[in-house]
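Please open the model in a viewer and keep the sequence panel beside it. The stops below are given in the order in which they may be selected.

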Amino acid sequence: MIAGEASGDLHGSNLIKAIHRQDPNADIRCWGGDRMQAAGAMLVKHYRDLAFMGFVEVLKHLRTIFRNIDFCKQDISNYKPDVLVLIDYPGFNLRIAKWAKQQGIRIVFYISPQVWAWKENRVKDIKRDVDKMLVILPFEKDFYKKWNYDVTYVGHPLIEVVSHEKNEVSATPVSDKPIIAILPGSRAQEIQVKLPIMLEVVDAFPDFQFVVAQAPSQPVELYKELIGNKNVLLAKDQTYNLLKQAKAALVTSGTATLETALFGTPQVVCYKGNPVSFWLAKKLVKVKYISLVNLIMDKPVVTELIQTDLNAKNIKAELHKILYDETSKAKMKQDYDTLWHELGDNYASEMAAKEILSLIKTP
């Protein structure tokens with residue numbers, strides 16, 4: 001299995017558990033993170049050594065990326081897997097898929113690349129190289145149907161993750177004051193860009209305790225340097241507990257926006273990237289929204305503050321709205337409920353495991 005970021009590590013870990021429930025003798029080797037390792041896979045390389053975000057950043061690290069690809073191919077050749085499971089992370093994984101197909105390895109892609117957003121022609125490569133595509137967003141099945149490619153919709157794995165978490169007894173309260181959670185992402189470069197802007201509004205909400213969710217792959221020093229002497233707490237390995245307790249959240253784009261919505265926490269989506277990377281993305285990406293919440297619902301459920309719109313004035317205004325405007329809060333909650341039902345029941349990992357094991361057993 002290959003996952004290249006925190007969300008892939010989370011879903012990969014639940015997939016590993018599901019595979020072991022269905023086949024206790026399964027031997028799994030992975031490129032991923034701590035969660036996949038804890039679930040019972042042999043971890044070869046951690047995703048923190050793989051994650052580069054944005055066009056410019058990727059160009060800067062091309063030598064490292066190609067070195068990782070070569071090492072990965074060698075590792076797969078030595079291991080000789082019955083099936084290779086690729087989890088999202090398309091820039092890396094689609095290259096591996098092309099090579100692995102030539103080696104006669106069976107390939108499952110779990111969590112489709114966002115080919116519906118940009119570089120739609122990649123579907124041709126997917127049809128050629130991927131034996132089984134397992135999709136997690138309701139509209140993806142119809143998208144692939146246009147290309148005459150039969151994919152399997154397994155539901156969204158976050159439903160099972162959040163359902164389980166909601167049933168858990170909450171940990172000790174993070175603060176005596178009502179909480180505003182800050183989820184600034186999992187990569188160092190995005191944290192360094194966005195967190196300082198998010199923190200500019202702390203003093204405007206003295207009745208609340210701001211708490212930053214620390215990514216498990218990042219050192220505490222990174223956050224402390226950015227927080228400085230502000231009255232802000234840092235919570236490690238407590239993101240879900242934090243979202244359960246928070247009255248509102250400032251969330252960077254990505255899987256975290258969907259997690260926040262499924263916990264029912266009002267949010268403002270915050271995104272700012274390298275200006276050149278963003279300019280290129282605007283030229284190439286053909287979606288109306290950057291948050292998964294808005295994309296799935298196909299309407300602006302949550303406010304997205306992007307690039308120059310991400311500033312203290314706008315954050316303050318939007319945060320005030322989701323904290324104090326009862327009409328806005330009620331509308332967001334209603335949309336969150338609809339979103340939950342759109343994403344299916346909590347069986348994604350079991351369904352995915354079943355599909356993967358059936359591929360191995362097929363002659």
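**First stop: H9 and H10**

Select Ala188, Ile191, Gln192, Leu195, Pro196 and Leu199 in H9, which meet Leu222, Tyr223, Leu226 and Ile227 in H10; contact here means heavy atoms within 4.5 Å. Sorted by class, this contact has nine nonpolar, one polar and no charged residues. In that sorting, Ala, Val, Leu, Ile, Met, Phe, Trp, Tyr, Cys and Pro count as nonpolar, Asp, Glu, Lys and Arg as charged, and the others, Gly among them, as polar.

The model is predicted: local features need pLDDT of at least 70 and side-chain atom pairs count only at pLDDT 80 or more, while totals for chains, interfaces and linings use all residues. Residues are numbered from 1 along each chain as its sequence is written, and side-chain values use heavy atoms, with hydrogens and water left out.

Helices (H or I, at least four residues) and strands (E, at least two) are DSSP runs numbered from the N terminus. Two packed helices are described by the angle between their axes and the distance between the axes. The axes are lines fitted to C-alpha atoms, for helices over the stretch in contact, and angles run from 0 to 180 degrees between N-to-C directions. H9 and helix H10 (residues 220-227) pack at an angle of about 30 degrees, with their axes 10 Å apart. That angle makes H9 roughly parallel to H10; the cut-offs are under 35 degrees for roughly parallel, over 145 for roughly antiparallel, 65 to 115 for roughly perpendicular, and oblique for the rest. The crossing of H9 and H10 is right-handed, a term for a near helix turned clockwise from the far one by less than a right angle, anticlockwise being left-handed.

**Second stop: phenylalanine 205**

Continue to the loop between helix H9 (188-199) and strand S9 (209-214), where phenylalanine 205 is found. Is phenylalanine 205 buried or exposed? Its relative accessibility is 4%, so phenylalanine 205 counts as buried; buried means under 20% relative accessible area, exposed over 50%, and partly exposed in between (1.4 Å probe, protein chains only). Residues up to four places away in sequence not counted, phenylalanine 205 touches Ile180, Phe210, Lys316, Leu319, His320 and Leu323.

Next, select glutamine 267 in strand S12 (residues 267-271). Glutamine 267 has 1% relative accessibility and therefore counts as buried. The side chain of glutamine 267 reaches the backbone oxygen of threonine 257 at 2.9 Å. Beyond its neighbours within four places in sequence, the contacts of glutamine 267 include Ala249, Val251, Val293, Ile322 and Tyr336.

Now display helix H1 (residues 6-22) and helix H17 (residues 348-361), whose axes come within 8 Å and cross at roughly 60 degrees. H1 and H17 are therefore oblique to each other, and their crossing is right-handed. Among the residues making this contact are Asn14, Leu15 and Ala18 of H1 and Ser349, Glu350 and Ala352 of H17. The contact of H1 with H17 divides into seven nonpolar, three polar and three charged residues.

**Last stop: two positive phi values**

Tyrosine 89, in the loop between strand S4 (83-87) and helix H5 (90-102), has phi near 45 degrees, a positive value in a residue other than glycine. Tyrosine 89 is buried, with a relative accessible area of 14%. Finally, go to aspartate 298 in the loop between helix H14 (292-297) and strand S13 (303-306). Phi of aspartate 298 is near 55 degrees, a positive value in a residue other than glycine.

Terms used:
A polar contact is a pair of N or O atoms within 3.5 Å; within protein, one must be able to donate a hydrogen and the other to accept it, and residues adjacent in sequence count only if both atoms are side-chain atoms.
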